[in-house]
Amino acid sequence: MIPSIADSAFSDLFRSTPSLEARLGTAQRAALSDAPILILGEPGTGRSTLCRGLHAVSSRAQGPLVEVDISAIP
């Protein structure tokens, strides 16, 4: 199982702002639904980390995680 952001040793650092705390709460609620989730952001902002955390707490955690790099699609 892939650890979520909340379980990491850096959880205090990642949750240091109220804005980020609110967004992580929204992400956690989204992970509980069956809807697909599109994660957007600049390079280096932690999209893949968030993706793995969402997958780990979702009902699909036992299945494969498929990350798609849109820029790699011609």
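1. By class, the lining of the largest pocket has 15 nonpolar, 8 polar and 4 charged residues. Here Ala, Val, Leu, Ile, Met, Phe, Trp, Tyr, Cys and Pro count as nonpolar, Asp, Glu, Lys and Arg as charged, and the others, Gly among them, as polar. Those lining residues number 27, with I37, I39, C51, V66 and E67 nearest the pocket's centre. A pocket is an open set of points on a 1 Å grid over the protein atoms alone, where a 1.4 Å probe fits and protein lies on both sides within 12 Å along at least five of seven lines; lining residues have an atom within 4 Å of a point.

2. The space in this largest pocket is about 850 Å³, a volume being what is filled by probe spheres set on grid points joined across faces, edges and corners. Helix 3 gives the largest share of the lining, 5 residues.

3. A word on the basis: this is a predicted model, in which local features need pLDDT of at least 70 and side-chain atom pairs count only at pLDDT 80 or more, while totals for chains, interfaces and linings use all residues. Residues are numbered from 1 along each chain as its sequence is written, and side-chain values use heavy atoms, leaving out hydrogens and water.

4. The chain has 3 helices and 0 strands, these being DSSP runs numbered from the N terminus (helices H or I, at least four residues; strands E, at least two).

5. Why is A30 partly exposed? Its relative accessibility is 27%, and partly exposed means between buried (under 20%) and exposed (over 50%), with a 1.4 Å probe and protein chains only. A30 belongs to helix 2 (residues 18–31).
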